[in-house]
Amino acid sequence: MNSLFIQNLKNNARRIALALILTAPIFIQSAKAQLYNFTEEQMKSFTATNPFGRFPGGRPMIPDAVLDTFRQMQIQVVEAVGSIPREYANQYEAGWKTLQPNKKLYGRAFTVQFIPSRPDLVAGMQSEATKNNFTGLRNQTTIDMLQKNDLVVVDLFGKVQGGTYVGDKLAYYIYKTTETGVVVDGGIYLLENMAQSGMQAFYRGTYPGPLSNATVSGINVPVRIGNAIIMPGDLIIGDQDGILAVPPQFVSAVIKNVIRDRRRDVWMKKAFDLKRFKSSDIYGRPKDPELLKLFEEYLRTGDAKLLPK
């Protein structure tokens, strides 16, 4: 991988797209394969700590059962963020509009990157694409690559006017195909129609017209969404607090820690219900050794017999 690309990635540069276009190898498997992407070897190298399986091409594949656990538990952004090490400081982004205000969103990141159109650059990109029987540098090409539990995360550099990744019909196709939704650092349109399907969308704004003056520059590459760096295959959580990208290597820790934290809340609130303790007797860790023993065993087992009485 080109050193310019590596340096830009490390610095969280706003636009890594051009470096990727000019330096990344073309990865073509079929007419519907990714055009500008990591090679399979590069994808594995950049996601080397992934503990799960992989899709063809190397994108991490967090199991459906794990995603189902997140959905069943309704894990929140604020619950999950503490399980991500501090050095992964750029995983969260706020300030979204949402299609369904009270609906959470979970899925495996399928990343799409756009840049503003420039005729000579687009012509060169399309020429290379045509040589490899790849026809599309547009939104629908990426949409047709999606599968169940994918969550398309679109870097449209905050563009709303002419930055509408989907309207209601393509959004409906995405929802029926993936059963998730969309995250668009840009626009969507026909919101009332789109909302009727029940799908969730995180987006920046709306504009009554289709996508224009923007072209696909990367598919399943690292993207910057506001302050968040999202890698292909990250587990995305979206709720009223924003979106959080959980790298695959931390997914199991999130589940384990959320279970423990929720048990902690139940035990302490039960103690407060008894109205025998001051907050300082319980909050943090119980001061009484016998209560502390019950508390720690409850955290480990969740046995209701260990709740304060």
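In the predicted model, helix 4 passes helix 10 in a left-handed crossing. The residues of helix 4 that take part in this contact are Val-66, Thr-69, Phe-70 and Met-73, and they are met from helix 10 by Val-251, Val-254, Ile-255, Val-258, Ile-259 and Arg-262. Sorted by class, the contact of helix 4 with helix 10 consists of eight nonpolar residues, one polar residue and one charged residue. Two packed helices are described by the angle between their axes and the distance between the axes. For helix 4, which spans residues 64-73, and helix 10, the angle is about 25 degrees and the axes lie 11 Å apart. Because angles under 35 degrees count as roughly parallel, helix 4 is described as roughly parallel to helix 10.

Helix 10, which covers residues 251-273, also packs against helix 12, residues 289-301, and here the angle is about 140 degrees, with the axes 8 Å apart. An angle over 145 degrees would be needed for a roughly antiparallel arrangement, and helix 10 and helix 12 are therefore oblique to each other. The crossing in which helix 10 passes helix 12 is right-handed. On the side of helix 10, the contact involves Arg-260, Arg-263, Arg-264, Val-266, Trp-267 and Met-268, while helix 12 contributes Leu-291, Leu-294, Phe-295, Tyr-298, Leu-299, Arg-300 and Thr-301. By class, eight nonpolar residues, one polar residue and four charged residues make up the contact of helix 10 with helix 12.

These helices belong to a chain whose secondary structure comes to 12 helices and 13 strands. Of the 309 residues in the chain, 48% are buried. The accessible surface of the chain amounts to about 14,700 Å², and carbon and sulfur atoms account for 51% of that surface. Among the contacts in the chain with a separation of 6 or more, 72% are between residues 24 or more positions apart.

Thr-215 and Ser-117 are separated by 98 residues in sequence, yet their C-alpha atoms are 5.6 Å apart in space. When neighbours within four places in sequence are left aside, the residues in contact with Thr-215 are Gln-113, Phe-114, Ile-115, Ser-117, Val-122, Met-125 and Leu-137. The relative accessible area of Thr-215 is 4%, and Thr-215 is therefore classed as buried, since the class of buried residues takes in values under 20%.

Backbone geometry was also examined at two loop positions. Most residues other than glycine have a negative phi. Asn-220, although not a glycine, has a positive phi of about 55 degrees, and its place is in the loop between strand 9, residues 214-219, and strand 10, residues 223-225. With a relative accessibility of 1%, Asn-220 counts as buried. A positive phi in a residue other than glycine is likewise found at Leu-190, where the value is near 60 degrees. Leu-190 is located in the loop between strand 7, residues 181-188, and helix 9, residues 191-196. The relative accessible area of Leu-190 is 39%, so that Leu-190 is partly exposed, whereas Asn-220 is buried.

Note on methods: Residues numbered from 1 in each chain as written. Predicted model: local features only at pLDDT ≥ 70, side-chain atom pairs only at ≥ 80, totals over all residues. Heavy atoms only, no water. Axes fitted to C-alpha atoms, helices over the stretch in contact; angles between N-to-C directions. Helix = DSSP H or I, 4+ residues; strand = E, 2+ residues; numbered from the N terminus. Parallel < 35°, antiparallel > 145°, perpendicular 65-115°, else oblique. Left-handed = near helix turned anticlockwise from the far one by under 90°. Contact = heavy atoms within 4.5 Å. Nonpolar A, V, L, I, M, F, W, Y, C, P; charged D, E, K, R; others polar. Buried < 20%, exposed > 50% of the residue type's maximum accessible area, 1.4 Å probe, protein only. Areas by Shrake-Rupley, 256 points an atom, 1.4 Å probe, with all protein chains shown as cover.
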